[in-house]
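This briefing is intended for a reader who wishes to relate the sequence of a protein to its three-dimensional model. Please keep both in view while reading.

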Amino acid sequence: MTMRLDYLSIFPGYFDVLDISLLGKAVDNGLVEVHAHDLRDWTHDRHRTVDDTPCGGGAGMVMKPDPWGEAFDGIIGIEPDPSVHVIFPTPSGIPFTQSAAQELSTVERVVFCCGRYEGIDHRVIDYARTMWTVHELSLGDYVLNGGEVAALAITEAVVRLIPGFMGNPESLAEESFSPGQERLLEYPLFTRPVSWRGMDVPEVLMSGHHGRIAEWRREESLLLTRDRRPDLTD
Ligand SMILES: N#Cc1c(-c2ccc3cc[nH]c3c2)n[nH]c1N
């Protein structure tokens with residue numbers, strides 16, 4: 001399966017980075033197909049206007065619905081298709097989680113709508129919900145200036161789960177938040193040299209005793225999770 005990823009933004013250059021590193025390899029291997037679009041290509045005035053003042057007053061500007069609608073028509077089409085997943089990164093969205101990444105990794109087409117200013121006219125989201133499967137997702141409780149960075153983070157979390165992307169799929173199984181990990185944070189990692197600036201790798205990890213190593217790692221995960229993410233232990 002090839003996953004097609006579209007990005008709608010007034011800063012499409014943000015997505016040039018998708019041509020490098022592992023993601024670039026996924027593109028070369030035909031696992032993903034990436035298309036970034038400049039929302040201003042669907043404006044018709046001299047200034048290529050995409051924003052206007054908010055109805056009801058308030059600070060900042062709101063993204064006009066017209067360019068989004070015409071971009072949808074051009075990029076996705078005018079017929080409803082629930083197999084297309086449209087993602088609106090937004091601070092008011094549902095927290096993005098590993099399980100959401102897992103679900104999205106099986107989808108064939110994802111369109112990211114990256115807002116700027118104070119956000120996008122709500123009718124754009126309402127319209128998208130009549131046509132496609134819509135996800136309003138938040139990366140976390142902090143404020144970004146737009147949806148592009150969130151779209152990149154969601155992309156990386158999703159694409160790495162596509163079968164065939166990771167050289168060694170077993171490495172996915174032990175990561176924090178992986179299914180079956182009891183929602184435990186990953187244990188501390190070490191590699192050579194065994195001694196570095198007066199600090200040694202824990203002896204148990206050099207013992208070759210797999211049972212004790214597994215026990216040490218689980219205990220470390222439990223301690224870390226209890227200390228940093230007690231919410232995961234509920
Ligand atoms: N996802 C997400 C976000 C955002 C975000 C997303 C889109 C826009 C458009 C204008 N400002 C934005 C902030 N802030 N914090 C998050 N976790």
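The model is predicted: local features need pLDDT of at least 70, side-chain atom pairs count only at pLDDT 80 or more, and totals for chains, interfaces and linings use all residues. Residues are numbered from 1 along each chain as its sequence is written, and side-chain values use heavy atoms, with hydrogens and water left out.

**Overall architecture**

- The protein chain contains seven helices and nine strands; these are DSSP runs numbered from the N terminus, with helices (H or I) of at least four residues and strands (E) of at least two.
- The C-alpha trace spans about 70 × 40 × 35 Å along its principal axes.
- Of the 234 residues in the protein chain, 41% count as buried. Buried denotes under 20% relative accessible area, exposed over 50%, and partly exposed the range in between, using a 1.4 Å probe and protein chains only.
- The protein chain exposes about 13700 Å², of which carbon and sulfur atoms supply 53%. Accessible areas come from the Shrake-Rupley method with a 1.4 Å probe, and for residues only the protein chains shown count as cover.
- Among contacts in the protein chain with a separation of 6 or more, 74% are accounted for by residues 24 or more positions apart; a contact means heavy atoms within 4.5 Å.

**Salt bridges**

- A search of the whole structure finds nine salt bridges, each defined as a side-chain nitrogen of Lys or Arg within 4 Å of a carboxyl oxygen of Asp or Glu.
- Glu33 forms one of these with Arg4, and the closest N and O atoms are 3.8 Å apart. Because Glu33 lies in strand S2 (residues 32-38) and Arg4 in strand S1, the pair ties together parts that are 29 residues apart in sequence.
- Glu33 counts as partly exposed at 34% relative accessibility, and Arg4 counts as partly exposed at 23%.
- Asp41 and Arg48 meet through their side chains in a salt bridge of 2.7 Å, N to O. Asp41 is partly exposed at 48% relative accessibility, as is Arg48, with a relative accessible area of 33%.
- Arg116 forms a salt bridge with Glu148, where the closest N and O atoms are 2.9 Å apart. Arg116 lies in the loop between strand S6 (109-113) and helix H4 (122-131) and Glu148 in helix H5, so this pair ties together parts that are 32 residues apart in sequence.
- Both Arg116 and Glu148 are buried.
- Salt bridges that share partners join Arg4, Asp6, Glu33 and Arg109 into one network.

**Surroundings of Glu148**

- Glu148 is placed in helix H5 (residues 148-159) and counts as buried because its relative accessibility is 0%.
- The side chain of Glu148 makes a polar contact of 2.6 Å with the side chain of Ser9. A polar contact is a pair of N or O atoms within 3.5 Å; within protein, one must be able to donate a hydrogen and the other to accept it, and residues adjacent in sequence count only if both atoms are side-chain atoms.
- Not counting residues up to four places away in sequence, Glu148 touches Ser9, Ile10, Phe11, Tyr14, Phe15, Cys114, Gly115 and Arg116.

**Surroundings of Phe72**

- Phe72 is found in helix H2 (residues 65-75) and is buried, with a relative accessible area of 1%.
- Leaving aside neighbours within four places in sequence, Phe72 is in contact with Leu8, Gly77, Phe88, Cys113, Val124, Tyr127, Ala128 and Trp132.
- The C-alpha atoms of Phe72 and Trp42 are separated by 9.7 Å, and the two residues are 30 residues apart along the chain.

**Cysteines**

- The count of disulfides comes to zero under the rule that a disulfide is a pair of cysteine sulfur atoms within 2.5 Å.
- Cys113 is in no disulfide. The sulfur of Cys114 is 7.4 Å from the closest cysteine sulfur, in Cys113, and this is too far for a bond.
- Cys113 counts as buried at 0% relative accessibility, and Cys114 counts as buried at 1%.

- Tyr14 lies in the loop between strand S1 (3-9) and helix H1 (21-28) and counts as partly exposed at 34% relative accessibility.
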